[in-house]
Amino acid sequence: PLCLIKLAAMHRHVPSMAAMIRPTIASAKLPSTNTLFSRSMAVKVDGDKALIEYAPCEKYKNDGPETNWVETTKEEVKLALKDMVTMRRMEIAADLMYKSQLIKGFCHLYDGQEAVAIGMEMGCTKKDHIVTSYRDHCFQYSRGDSVKRVLAELTGRSGGSTKGKGGSMHMYFPKNNFWGGNGIVGAQMPLGAGLAFGAKYLSNNGLPRGEAPCNAVSFALCGDGAANQGQVFEATNMAMLWKLPCVFVVENNKYGMGTSAAKAAANEEFYTRYDPLPGLKVDGMDCFAVKHATQFARKWAMDGKGPFVLEMNTYRYHGHSMSDPGLTYRSREEVSGVRKARDPVDKLKRVIAELGWMTDAEVKEIEKAVRAEVDEAVEFSKQSPDPPLTDLYTNVLVKEDAYIRGTDGIYGKGEAPWARKE
């Protein structure tokens, strides 16, 4: 009913009610945090290639990867470090710009969760589809967009990823199959199932019933708050019935807005709750664990076995959004404890030290270059012009010069002659 649609729109930001290192580090005291995720790991190096050990995944209705060692290369590790440091600096820059009132409206930051975006990118290809929630800046970057365009979009400028029209919550990068950026809590999950439907259809020149191999997979991500939404269960159910190549990813950062998962979810083990879908619970603060789990789930779906669930055990350092200080429902000690024990960027740096592929000076050089890149992007976002008034009439209809009902082409301070009906 229309009244329910309007109600949903009004409440679009309200979740459902209902060797990494040699020394062993104590895990922070968090609800549902597996202490195994913080223990010491090991590496095996062979020239420019290596095997990295990671904390074993918890499994549901599948045997999981055969081993908890994942292959990597020197090139991949260096790129992962650059990208994760860039993400961290970009989100910190967004924080400062928001506090300076250069960014307005909603702004949801991703610092703390970078290993999920990078690990998934390491485990899939640009042919695969990704759709996520409004916490999307880092996925826009990991899919191939630039820091300049991301920050310019946050400031609503024409040089932004969507020409200043979408802002923080509505970025997308169709060139590499990133479809947003969605402001409605949980609404991206049915979209992810639809992308998987399309992938299966196009791979087989039609929609075969039952199991059928596909050449691409859809990854649909949501948070633990959105995981309680009815539409998530509907999407997983349909995906299972049609054996769609969809990997449903729950980024469990422990809090849906200001409510802990322990208070909002009767079953906090999100990788088990969409029965009969199989699932894995993964250390979402370790990009190598995420990579291997992504590879496993992707192959499962591509082989025609149907959908899969990945629960990423992760943590966000900022509040839910910039309007949330993030300390009314959790303590400073909790946040700092996670930073000390499980920070994904620091963990990657320690792995690099174990691998011996980069010196401390080389790591600092990357950090210096990233700071310069982000600083330049901040200035670009300030100097980029506002979208012209004519852009109000673009991206509305496929045929750009079509008449738009209700406009006469003269509104506000500008004019769009082509939008005027002759």
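Colleague: In what order do the six strands of the open sheet come?

Modeller: This is a predicted model. The order is β3-β10-β11-β7-β6-β5, and the pairing is mixed.

Colleague: Which strands stand at the edges?

Modeller: β3 (58-60) and β5 (129-131). Each has a single partner strand, so one side of each is left without a neighbour in the sheet.

Colleague: And what does the twist average from one strand to the next?

Modeller: The average is 20°.

Colleague: How many bridges join β5 to β6?

Modeller: Three, with β6 covering residues 218-223. β5 and β6 run parallel.

Colleague: Which residue in β6 does Val 131 stand opposite?

Modeller: Ala 220.

Colleague: Which strands does helix α9 touch?

Modeller: α9 (residues 287-302) packs on the sheet and touches β6, β7 (246-252), β10 (279-283) and β11 (308-313). The direction of α9 makes about 170° with that of β11.

Colleague: Switching to helix α3. How many of its residues are buried?

Modeller: 10 of the 10, across residues 114-123. So α3 is largely enclosed by the rest of the structure.

Colleague: Which are the buried residues of α3?

Modeller: Among them are Glu 114 and Glu 121, along with Val 116, Ile 118, Met 120 and Met 122. Gly 119 and Gly 123 are also buried.

Colleague: Now Lys 254. Where is its place?

Modeller: In the loop between β7 and β8 (255-256).

Colleague: Does Lys 254 count as buried or exposed, and why?

Modeller: Buried, because its relative accessibility is 2% and the cut-off is under 20%.

Colleague: How far apart are Lys 254 and Arg 316?

Modeller: They are 62 residues apart in sequence. In space the separation is 8.4 Å, C-alpha to C-alpha.

Conventions
Residues numbered from 1 in each chain as written. Predicted model: local features only at pLDDT ≥ 70, side-chain atom pairs only at ≥ 80, totals over all residues. Heavy atoms only, no water. Pairing = 2+ DSSP bridges. Helix = DSSP H or I, 4+ residues; strand = E, 2+ residues; numbered from the N terminus. Axes fitted to C-alpha atoms, helices over the stretch in contact; angles between N-to-C directions. Contact = heavy atoms within 4.5 Å. Buried < 20%, exposed > 50% of the residue type's maximum accessible area, 1.4 Å probe, protein only.
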